[in-house]
Amino acid sequence: MSKMLRVVLGLGLAGTLACKGGGGNAAAGGGNPPPSAAPPPADVTSAPVGDPVVAQLTPPPFVPPPITRDKPAKVIVKLEVQEKELSISEGVRYTFWTFGGTVPGSFIRVRQGDEVEFHLQNHPGNKMPHNIDLHAVTGPGGGAASSFTAPGHESQFSFRALNPGLYVYHCATAPVPMHVANGMYGLILVEPPGGLPKVDKEYYVVQGDFYTVGKYREKGLQPFDMQKGIDESPTYVVFNGSEGALVGDKALTAKVGERVRIYFGVGGPNLSSSFHVIGEIFDHVYQEGGSNTQDNVQTTMVPAGGSTIVDFTVNVPGTYILVDHALFRAFNKGAVGMLKVEGPEDKIVYSGKEVDSVYLSDKAGSGVGTTVAEATASAEAGTLTLDQQIAAGQALFAGTCSTCHQPDGKGLLPTFPPLAASTYIAATPMDTLISGVLNGLTGPVQVNGVDYNGVMPPMSYLADDDLANMMTYVFNTMGNKKGAVSKADVARIRATTPRPPGAAH
Ligand SMILES: [Cu+2]
């Protein structure tokens, strides 16, 4: 290690400690010893004024209103841990552990200098002990040491909100990463005196990575997979606890000309986020949820257990897509949200044409969730009909198969053969068809008298039942009549046929 590096490391550590104690900023570089902690702002040490206030908490994606008090107060926060089964994707259930019944947990908003009296309640129906570590707390464990709470119990501790900023809170009960992986995190905003600059809309979005035994979109109740967690190989990366949390009629909304603020956090437990809104530029980013802003930012990096505040003005109507720009997470693990902006067009800023279908594939259609979930429920009940499979398959076809074979299934010369009234589908045995879609198809094929010699990549990254429903849709509509493909059929072909190297299992 070079001498320079040792000096920098030493400084960094000392700076961190000084910061935590007094809220001052450590000077960067220069080789000087760290400055002594700056005195905290006057009202941080003055006693709370007036009657205690009960904090208004909100579920995501909502944020409590700005604080108008000009003096610190005693603020009472009551948060109940609830272990509950919710859906993480259409037809996929997961047992989440939550602060307040949602993932992320309730948004907490206080003012710098407030004395927060925190009550952590562990619902009597829960099975696990829990506690809370708030990054806004200055003190050992961030509150964790004083908040260990068994089911049916309540813990109480108090802290002074010394530093302004947007802070993550999370459970810190062993095994800690498992509690976090089950959704135990949220954000607490400590507003500076006078508050943040006014905006028109404020939203609350937190990214998290999830680990299930089944593959992405494998239906039913999915248990937590500890090994995938250790390997940092998530099945889902989502905003606000599920794939559908911010799409369709649950999208965030704004009107043209409005200033929008997103309080964005990353619960982790493993992944950081390359947070980006497709089609927008952040006017201001409060990097890492701190006090300084960076202007005109496209993508901002948010660490696990960290946050950011982004402000931007929406000028053009349409749908803006929130993503983790590490794009497999967006397209194959669920990290997609939507902000729908309504209002008059501005052809000067943007000429037109929707981005939905380009970027969102099957998430763009609003009916996807319902039809797929319906088919899943019927499959579990043993009452799945051909019509239900077709309906679910049609929703999934849009944005998957349609990209090449076209939305009407008529193909695109010279590369993509038609699926509509296909002589190939009619003449080919069912198992061979399934294998072609699952494992990919290359080499010469003749469809409706035309020769094709293209490449269909393996679709094996899709879940068995989704593939079954898409094939059932194609094979029984558009002028084809081949019969249904079951989830078991796809599973059997998956187990008994080889996939080319590099294909998803
Ligand atoms: Cu916990």
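**Cysteines, copper and a buried helix**

Colleague: Hi! Quick one to start: is Cys401 buried or exposed?

Modeller: Cys401 is buried, as its relative accessible area is 19%. The cut-off for buried is under 20%. Keep in mind that this is a predicted model.

Colleague: Thanks. And what about Cys404?

Modeller: Cys404 has a relative accessible area of 28%, so this one counts as partly exposed.

Colleague: Okay, on to the metal. Which residues coordinate the copper ion?

Modeller: His130 and His179 each coordinate through ND1, Cys171 through SG and Met184 through SD, at 2.0 to 2.5 Å. Along the chain, these donors follow the spacing H-x40-C-x7-H-x4-M.

Colleague: Where do His130 and Cys171 sit?

Modeller: They link distant parts of the chain, 41 residues apart. His130 is in the loop between strand S5 (115-122) and S6, while Cys171 is in the loop between strand S8 (165-170) and helix H3 (176-181). His130 is buried, because its relative accessibility is 0%. Cys171 is buried too, with a relative accessible area of 0%.

Colleague: Why is the arrangement around the copper ion irregular?

Modeller: The 4 donor atoms subtend angles of 87 to 137°. To count as tetrahedral, all angles would have to lie between 85 and 135 degrees, so the arrangement is labelled irregular.

Colleague: You mentioned S6 and S8. What is the strand order in their sheet?

Modeller: The order is S4-S9-S8-S6, in an open sheet of 4 strands with mixed pairing. The edges are S4 (108-111) and S6 (133-134), each pairing on one side only.

Colleague: How do S4 and S9 pair?

Modeller: In the parallel sense, over 4 bridges, with S9 covering residues 185-191. Arg111 has Glu191 in S9 as its bridge partner.

Colleague: Last topic: how many residues of helix H11 are buried?

Modeller: In H11 (residues 430-439), 8 of the 10 residues are buried, so the helix is largely enclosed by the rest of the structure. Among the buried ones are Met430, Leu433 and Ile434.

Colleague: What do the buried residues of H11 pack against?

Modeller: Helices H10 (423-427), H12 (464-476) and H13 (487-496), plus strands S22 (441-442) and S25 (455-456). Just after H11 comes Gly440, with a positive phi of about 95°.

Key: Residues numbered from 1 in each chain as written. Predicted model: local features only at pLDDT ≥ 70, side-chain atom pairs only at ≥ 80, totals over all residues. Heavy atoms only, no water. Pairing = 2+ DSSP bridges. Helix = DSSP H or I, 4+ residues; strand = E, 2+ residues; numbered from the N terminus. Donors = N, O, S within 2.8 Å, 3.2 Å for Na, K, Ca; no water. Tetrahedral: all angles 85-135°; square planar, octahedral: opposite > 155°, others 65-115°. Buried < 20%, exposed > 50% of the residue type's maximum accessible area, 1.4 Å probe, protein only. Contact = heavy atoms within 4.5 Å.
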